[in-house]
Number of protein chains: 2
Amino acid sequence: MTTLTGKNSIAGSWSAEGSQTFTSIDPRTRRPGDVNFHSATAQEIDRAVTEAAAAFQETRQYPASRLADFLDTAADEIDNLRDDLIATADYETALGSPRLPGELTRTTSQLRAFGGLLREGSYVEAIIDTALPDRQPPRPDLRRMQVPLGPVAVFSASNFPFAFATAGGDTASAFAAGCPVIVKGHPGHPATTEIFAIALNRAVEASGFPAGFFSMVQGDGIDVGQTLVQHPLLEAVGFTGSLRGGRALFDTAAQRPRPIPVYAEMGSINPVVILPGALAARGGALVETLVASATLGAGQFCTNPGLVLMLDSAETRTFIERYTAEMRARQPQIMLNAAIESGLARTVEQTVSSGGVEVLTGGEAIPEGGFCYAHTVMQADSIQFRSNPNLHHEHFGPVTLFVTCASLDDLRLTIGTIEGQLTGTIHGEAEDIDAARPLIDSLRERVGRLLWNGVPTGVEVVYAQQHGGPYPATTAPATTSVGRTAIKRFMRPVAYQNLPAALLPDALQDENPLDILRIVNNTYTRESIKP
Amino acid sequence: MTTLTGKNSIAGSWSAEGSQTFTSIDPRTRRPGDVNFHSATAQEIDRAVTEAAAAFQETRQYPASRLADFLDTAADEIDNLRDDLIATADYETALGSPRLPGELTRTTSQLRAFGGLLREGSYVEAIIDTALPDRQPPRPDLRRMQVPLGPVAVFSASNFPFAFATAGGDTASAFAAGCPVIVKGHPGHPATTEIFAIALNRAVEASGFPAGFFSMVQGDGIDVGQTLVQHPLLEAVGFTGSLRGGRALFDTAAQRPRPIPVYAEMGSINPVVILPGALAARGGALVETLVASATLGAGQFCTNPGLVLMLDSAETRTFIERYTAEMRARQPQIMLNAAIESGLARTVEQTVSSGGVEVLTGGEAIPEGGFCYAHTVMQADSIQFRSNPNLHHEHFGPVTLFVTCASLDDLRLTIGTIEGQLTGTIHGEAEDIDAARPLIDSLRERVGRLLWNGVPTGVEVVYAQQHGGPYPATTAPATTSVGRTAIKRFMRPVAYQNLPAALLPDALQDENPLDILRIVNNTYTRESIKP
């Protein structure tokens, strides 16, 4: 096993200058671990960002192939610590197997997938309009491409200690862009964070990158994150977590003398609509599928299906009864930490006490043993749902709210009151398609990803993925935190006007030496430019 | 001539419910015009945005070809009022000929250019990853494309009454995306704004678009704009103007319960570096070229070259003397309005009184006649420049600040202290290229557009254009307000998972009926997808 220091990793050096410490908590026993992790001081944070800015002066010049090789090396170094990472994360999160091994594979695949994007090369979006010297006035030569932004802060999620954490999607996509990263580790799994830092430091060193390309700071309060986001040399922020946490960072970044973008993914209630044809054809299977999705990882998924909309009918009432029985029958799982357990208890209590909602099962924490909350099913009608904001809030955990609607029109009207979501799902058969059309139409305005006959949990890491959505799902609906286009968050365009070839980047040279797809005089092409 | 009403145009109806009015001011005489323009009331603004949101429910479904036809019609309707627009804008801005005829041609060309983008169709960035049903677990089919955001507010610029105003680049790109627009007219040219509203209303009606697709509100205070940006149904804001104005809107939008993006282009001092080889080879011609650029439109360009950096030498001193003589010799032009004249007087006075800068000519308003400010040249050395923030501020008008540097290293160090800019320019000959490399490297981090041997004024409307840059040049460095990619500001991606063909948009159908370039299973192609 790796020996842990409890220190911050500042540009490749371990540092523990602060006196404030915290420990891991075993969620199965609520007992603290042995290692004291040091919250980073303002000086350590300043050093991390300053070193990142210095490193950026080099890494922003690296060819894409070198960044791709680095990502492969990082994935290899993580693989080298695989058993250790899985055991440590299991101790800190209780997420167990097969979840953690699968999530670690996903994490290294993500890193390697960006290599494919970088080696292909067209992601720099080269656009060239050649000069028209004979036009009056002469038209200049203009060539535009994406360049990296600079130092990025990444805030780890609690619920994905691998895939949305120290070496997760935000870090991978920032690295791929050529941006140094300062990770703020989640206080729920500091030991896991430290082991990732070891792996990434090794990759930085093995690749001959400047040490400031990666730093990691620990912290269990809001100070470390706030100080980091306020640093004048920081250029962007990636975050996965709660609405409150994400909005606080967004506000801080917007109020800086020089505002910077915050790409915060803050969760969602992920509405699922079940249409009558689907209910009739496969209601029984749907109970199983939906319960499995709603209880996956103790319901601690940002894509957890927290809201199910159905037309009121005898079949729907039977479906809800069977769903409730199935939720009651399944063994509740250990949750990640005390804050999530108590947060869930508080939001459910608020919702229940706001009236108009019936608790069909659950609705309380399970006090003995580890952090745990009963599988919970609530029900309201559409009028209550539309008028009670509490029913629109996320209950982060194994909680499902059924909302019954009087008619398809009522259903469409109800969808129209839903806030921004990561996902929206419709279950239907062929005979439901006409009914689905206006619903999909309305749902599309509210989501980043629209599903047919599926469950929203399970965010496939492919080019076409869109893991994002209108506020409050995220603070940046035009971006994604999963999939190859996630790199776009950490780049910006620069146009070069009339630059001599000696001063142009490879991507913009006449000969197209990188063999990338470009837009030349309004046409997509890989051809070189003839003089 | 068009008869003006002084009213707001709310979803195709003229409305003047408010009692607060203002008039045009003739900048040549400082005399008010005859028409009283009514500042929009909160109720009128609410109606405009509410109607825009209703219109969006239709227009977001329109095929790109229909939006392209609309843009052509809008350009035609503007052309029909061409003489009227030019005469009215000249009365309100004193920008004269050939500037105004040229700017109007640019404006209608911009509208039509987006038609090319829409009809080609690939701008929706379709990405498709087909299902892998045999994988464990099965991989779903995922298809992603860009969709329009919704109602957009556009704030007109004072200094481009056509190209960055009612039917300017922001409006054209939002319309192209399928987004309804509510224009907040600039109080400096309300009559011009009203004539554009007439043309756009005609285009909306002739095209059979819902009337709420376009509204125009007038206002001479900050209330109208603030109320507009706070409207819950608004989705994005385009703005061209001052740092103070843009930042105020950015702050308002960031503080909304649901924040929305503000694409504010706020100006720049556009550093120009003249290297020794260029100075020796063509110093004389450069004086003429630079003075022409610095005084174009009375220096009221966001790309005005306000800062010239040179190595200290006898040749440089001669250059500055000749530049100063040329600036003194040229007749100052009428400025746009009282606020710009007094704002320039105030910023120059602040800079001069902060010390360390020498005024070589000008430095004061010209009180008789119209709004006017003397052509002004100031000089400081690099140490003074680096330590005095006033020297980094924009002096919006015909003002040039020369900064002399002791060496190339000093020059590079000095560039490293410059804030975000729209443009940066280097003048050099072949022998300057090695010296230029590190300067370009540093300048690239600070600008949206990098020029070699040119002047920054004249923002070519081509695909490759990048009119933007790091803060404080803009609030959104990853976007442009000129060129075809400006459309990206008003779209966001949606992914469709396992949707039946009957419910998929055309852009994502297997057959690729729009014949657009797509990324299918990681490969760029126009091929259809074989089952």
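This is a predicted model: local features need pLDDT of at least 70, side-chain atom pairs count only at pLDDT 80 or more; totals for chains, interfaces and linings use all residues.
A:Gln497 stands opposite B:Leu451 in β20(B), and A:Tyr496 stands opposite B:Leu450 in that strand. Residues are numbered from 1 along each chain as its sequence is written, and chains are lettered from A and ligands numbered from 1 in the order in which they are written. Helices (H or I, at least four residues) and strands (E, at least two) are DSSP runs, numbered from the N terminus.

The residue pairs I opened with belong to β21(A) and β20(B), residues 447–452 of chain B, which pair in the parallel sense over 3 bridges. Pairing here requires at least two bridges found by DSSP between two strands.

What order do the strands of the open sheet take? There are 12 of them, with mixed pairing: β23(A)-β22(A)-β7(A)-β8(A)-β21(A)-β20(B)-β19(B)-β14(B)-β15(B)-β18(B)-β17(B)-β16(B). At the edges stand β23 (523–525) of chain A and β16 (358–361) of chain B; each has a single partner strand, so one side of each has no neighbour in the sheet. From one strand to the next the twist averages 25 degrees. For angles, axes are lines fitted to C-alpha atoms, for helices over the stretch in contact, and the values run from 0 to 180 degrees between N-to-C directions.

On the chain A side of this sheet, β7(A) and β8(A) run antiparallel and are joined by 3 bridges. β8(A) and β21(A) also run antiparallel, with 7 bridges. Of the 7 residues in β8(A), 6 are buried, where buried means 20 or more other C-beta atoms within 10 Å of the residue's own, exposed means 12 or fewer, partly exposed lies in between, and C-beta atoms are placed from the backbone.

On the chain B side, helix α13 (residues 408–415) lies across β14 (271–274), β15 (307–311) and β18 (399–405) of chain B, at about 135 degrees to β18(B).

Now the interface as a whole. In total, 53 residues of chain A are in contact with 53 residues of chain B; contact means that the C-beta atoms, placed from the backbone, lie within 7 Å. On chain A, the elements giving two or more residues to that side are β7 (127–129), β8 (142–148), α8 (243–255), α14 (433–444), β20 (447–452) and β21 (491–497). The largest share, 6 residues, comes from β21(A). By class, this side has 31 nonpolar, 12 polar and 10 charged residues. Ala, Val, Leu, Ile, Met, Phe, Trp, Tyr, Cys and Pro count as nonpolar, Asp, Glu, Lys and Arg as charged, and the others, Gly among them, as polar.

How are the two copies related? A rotation of 180 degrees with 0.0 Å of shift along its axis superposes chain A on chain B, with an RMSD of 0.0 Å. The copies are therefore related as by a two-fold rotation axis. The superposition is by least squares on the C-alpha atoms of residues with pLDDT of at least 70 in both copies. Both copies use the same surface, since 100% of the contact residues of chain A recur in chain B. A:Ala254 is the residue of chain A that comes closest to the axis, at 3.3 Å (C-alpha).

Helix α6 (residues 190–206) has 17 residues and reaches 24 Å from its first C-alpha to its last, close to the expected 24 Å; the expected span is 1.5 Å times one less than the number of residues. Of those 17 residues, 14 are buried, so α6(A) is largely enclosed by the rest of the structure. Just after α6(A), A:Gly208 takes a positive phi of about 70 degrees.

A:Ala167 sits in the loop between β9 (152–155) and α5 (169–177) of chain A. Is A:Ala167 buried or exposed? It is buried, with 32 other C-beta atoms within 10 Å. Leaving aside neighbours within four places in sequence, its contacts include A:Thr107, A:Phe196 and A:Leu200. The C-alpha atoms of A:Ala167 and A:Thr107 are separated by 7.2 Å, although the two residues are 60 residues apart along the chain.

Note on methods:
Two residues are in contact if their C-beta atoms, placed from the backbone, lie within 7 Å.
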